[in-house]
Amino acid sequence: MNMTVSRSGTIVFGSAVLIGAVLVARTIPLGAAVGRTPLATTVALQASGADPVARGAYLVKSGACNDCHTPLKTGDNGPEPDMTRMLSGHPAELAVPAVPTLPAPWLSAATSTLTAWSGPWGRSHTANLTPDRETGLGTWTAQQFIDTIRNGKHQGTGRPLLPPMPWEAFRHYADEDLASMFAYLQSIPAIRNKVPEPVPPPGAPVPPPGEAVPPPDAPAPLTALRTAPTHGDPVARGKYLVTAIGCGDCHTPMTMGPKGPAYVMSRMLSGYPSSSPVPANPALQGWGEFGALEPAFAGAWGVSFAANLTPDAETGLGAWTEQQFLDTLRNGRHQGRGRQLLPPMPWPAFGQKDDADLKAIFAYLRTVPAVRNKVPDPVAPAGK
Amino acid sequence: MVTPLLGDPGGAVPPLPEHLRDTGLYGDWDHKVVAAENLPYAPQYPLWSDGAAKSRWVHLPPGTWIDGTDADAWQFPVGTRVWKEFRFGDAPAETRFIERTPDGWRYASYAWKADGTDAVLAPARGILNSVTIGEGVRHAIPSRTDCTACHEAGPTPMLSLSALQLSPDRDPGAPHAEQLPAGAVDLDALVARGLVRGMPDHVMQRAPRIDASTPTSRAALGYLHANCGMCHNGTGPMASLDFSLRYALAGPGAPRTDALFTTLGARSHFKVSGQPDQVDRIHPGRPDLSVLVTRMASRHPVLQMPPLGTRLVDEDAVALLRRWIADDLRR
């Protein structure tokens with residue numbers, strides 16, 4: 001559940017007209033495809049004895065893709081993913097409430113399934129990642145998958161991916177990791193589910209057919225890695241993981257810049273600012289999760305705040321041990337055995353990362369600038 | 001005969017049985033008669049479990065014994081099994097199961113059907129709302145990670161099988177003190193049967209007990225040991241908190257009691273929202289200013305202590321702790 005308000009800020013807020021670009025076919029010269037042939041990368045993985053499907057399964061399951069792409073169902077035992085619909089995206093038959101008007105500071109709302117997301121971009125729906133040929137990725141190539149993530153565009157050249165899809169973080173994954181994810185996605189059960197098209201925000205102008213649409217801003221330049229850093233350098237490996245997984249998307253506050261939301265880099269990974277007020281839970285009917293630019297999140301659990309992951313001794317992880325960090329993600333409890341971590345923190349997914357990866361993440365977090373910031377305690381639901 | 005769950009020596013450990021009846025607890029499932037080789041026991045300081053009536057049994061494979069060399073951290077042989085039944089009212093709600101396999105310890109919980117005819121393995125994520133235990137309150141069957149949160153935070157996963165907890169010198173002031181069940185083994189019985197070996201002289205010579213100046217203090221320290229010491233100790237993953245409530249049966253000449261040294265007048269890292277005057281874990285003579293009591297007396301998800309395992313405040317224990325701090329811990 002990598003909840004963000006808006007990851008592709010430059011596209012969303014450049015112009016509401018861009019929503020119309022969803023409907024306009026665009027072509028890009030083949031030579032502009034990003035990255036190398038993933039087939040070569042996959043072959044190299046197999047030659048090394050590594051199984052791309054197994055590696056992809058690890059990356060997808062521990063990378064929290066299920067948190068948005070598999071509908072959440074809520075029962076007497078609390079919310080859990082509906083694995084009969086694994087990775088098939090927003091259920092086509094599910095009615096979604098009208099886009100709500102949210103009180104400040106809330107900017108986005110998600111359905112309780114976490115598959116439909118509403119915000120300044122309008123409404124988006126999580127994609128069907130299964131290999132169904134009609135409604136999923138069954139006819140895609142690995143290169144198209146990689147280009148989608150790298151460029152933030154459908155099949156690499158089409159309509160922009162909309163929030164909350166964290167493509168701007170995921171594009172930092174190495175070729176081999178993206179190719180492995182695709183290999184795994186092609187191996188899972190195909191589920192027929194035609195995810196609805198995005199819905200523009202109310203009042204968005206749509207250009208007449210055939211009229212040129214200004215291209216969105218290009219994403220920041222990236223030197224894509226062919227292979228992921230190894231554990232030989234845990235800090236480098238940890239930096240790669242933290243960057244590609246997108247921890248900063250929730251744990252770093254954002255502000256609204258001229259081109260849309262932008263990270264407050266001086267507060268990188270330091271969580272919800274202590275100087276900001278504690279917002280009230282909007283608790284709107286029909287919507288399950290609310291988000292804001294500064295990382296507060298509201299839902300049935302009350303209001304939660306992204307933690308300070310910097311090594312400040314008083315307010316961050318500076319006094320934590322490596323084992324407490326691992327136990328936190330494995331047990332879903334503060335320091336491994338304290339209060340529960342609240343949504344949207346995707347600990348059930350991240351806790352599936354192996355020891356070496358979690359240790360590398362912790363090793364990297366020890367090196368980022370320490371920011372003194374006492375994140376507020378979560379607010380329990382009314383009546384508790 | 002206890003069902004061999006571990007399979008052939010050297011073979012793969014078989015999966016957890018789906019039904020409690022296949023775990024080897026019962027000799028006669030139809031009449032719910034526990035097999036004779038599973039020994040009942042009852043710790044002198046029981047864990048607070050929302051008022052559940054509890055029964056416990058331990059099984060050691062024939063020819064094996066507990067290594068009691070470290071009186072505070074017994075080491076159990078491969079094949080050890082422990083069961084703990086929780087009852088609310090007349091019916092069992094849950095039976096927890098811990099087993100030491102060649103691959104390590106594993107934990108499970110079996111949820112009883114309302115008619116008592118079966119108890120089925122609960123899912124790994126637990127059952128958030130099982131039987132009703134109070135007004136609008138339902139019992140939570142823990143997830144497997146919640147099991148490890150408590151059982152793998154100290155020197156041994158066995159929390160109530162210890163020299164102190166099974167001492168024949170039982171504290172009459174222990175909150176929720178339990179009668180020994182028929183046929184129960186205590187420390188003396190285990191030693192006599194050769195089921196605990198190697199214990200240090202100071203434990204063998206005198207029945208272990210909490211060393212305290214008053215009965216209130218003895219009961220309070222025992223309660224904290226049993227309910228908090230599994231996480232709050234000086235050896236496990238939470239040792240960095242420097243906040244130990246685990247009672248050590250140290251030998252002659254042992255220094256201070258950690259539970260007092262790390263709490264009395266010690267600053268609390270945790271800040272109670274809206275209560276800036278609560279700064280100490282235990283403030284001498286002032287339970288109202290003691291963060292430890294404030295947290296024990298709450299079931300607010302951020303404030304409560306312990307953070308898991310119960311839905312209701314242990315009012316008797318909170319009263320005991322208040323009395324202890326007010327009367328025995330004045331400076």
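Visitor: How many bridges join strand S3 of chain A to strand S8 of chain A, and which way do they run?
Guide: Four bridges join S3 (residues 106-110) to S8 (residues 289-292) in chain A, and the two run antiparallel. Strands are DSSP E runs of at least two residues and helices are H or I runs of at least four, numbered from the N terminus. Two strands pair if DSSP finds at least two bridges between them. This is a predicted model: local features need pLDDT of at least 70, side-chain atom pairs count only at pLDDT 80 or more, and totals for chains, interfaces and linings use all residues. Residues are numbered from 1 along each chain as its sequence is written, with chains lettered from A and ligands numbered from 1 in the order in which they are written.

Visitor: Which residue in S8(A) is the bridge partner of A:Ser108?
Guide: A:Gly291.

Visitor: What sheet do the six strands of chain A form?
Guide: An open one, antiparallel, in the order S5-S4-S3-S8-S9-S10. S5 (122-125) and S10 (302-305) of chain A are the edges; each has a single partner strand, so one side of each lacks a neighbour in the sheet. The twist averages 20° from one strand to the next.

Visitor: And the hairpin, what does it join in chain A?
Guide: S1(A) to S2(A), through two residues. S1 (residues 72-75) and S2 (residues 78-81) of chain A run antiparallel, with four bridges. A:Thr74 sits opposite A:Pro79 in S2(A).

Visitor: Switching to chain B. What is the strand order in the open sheet there?
Guide: S3-S4-S6-S7-S8-S9, six strands with antiparallel pairing. S3 (39-41) and S9 (119-121) of chain B are at the edges. Neighbouring strands are turned by 25° against each other on average, direction ignored.

Visitor: How many bridges between S6 and S7 of chain B?
Guide: Eight, in the antiparallel sense, between S6 (residues 81-88) and S7 (residues 91-101) of chain B. B:Lys84 stands opposite B:Arg96 in S7(B).

Visitor: Helices now. At what angle do H9 and H13 of chain A pack?
Guide: About 95°, with axes 7 Å apart, for H9 (residues 234-245) and H13 (residues 355-365) of chain A. Axes are lines fitted to C-alpha atoms, for helices over the stretch in contact, and angles run from 0 to 180 degrees between N-to-C directions. That makes H9(A) roughly perpendicular to H13(A), a label for angles of 65 to 115 degrees.

Visitor: Which residues of H9(A) and H13(A) meet?
Guide: Among them are A:Val235 and A:Leu241 in H9(A), and A:Ile361 and A:Tyr364 in H13(A). Contact is C-beta atoms, placed from the backbone, within 7 Å. By class, the residues are eight nonpolar, one polar and four charged. Nonpolar is Ala, Val, Leu, Ile, Met, Phe, Trp, Tyr, Cys and Pro; charged is Asp, Glu, Lys and Arg; the others, Gly among them, are polar.

Visitor: Is A:Ala169 buried or exposed?
Guide: Buried, because 20 other C-beta atoms lie within 10 Å. The cut-off is 20 or more for buried, 12 or fewer for exposed, and partly exposed in between. A:Ala169 is in H7 (residues 167-170) of chain A. Not counting residues up to four places away in sequence, A:Ala169 touches A:Thr243, A:Ala244, A:Ile245, A:Gly246 and A:Asp249.

Visitor: Last one: how many residues of chain A are in contact with chain B?
Guide: 22, with 17 residues of chain B. H11 (residues 322-331) of chain A gives the most to the chain A side, with five residues. That side has three nonpolar, eleven polar and eight charged residues.

Methods:
Two residues are in contact if their C-beta atoms, placed from the backbone, lie within 7 Å. Angles under 35 degrees count as roughly parallel, over 145 as roughly antiparallel, 65 to 115 as roughly perpendicular and the rest as oblique.
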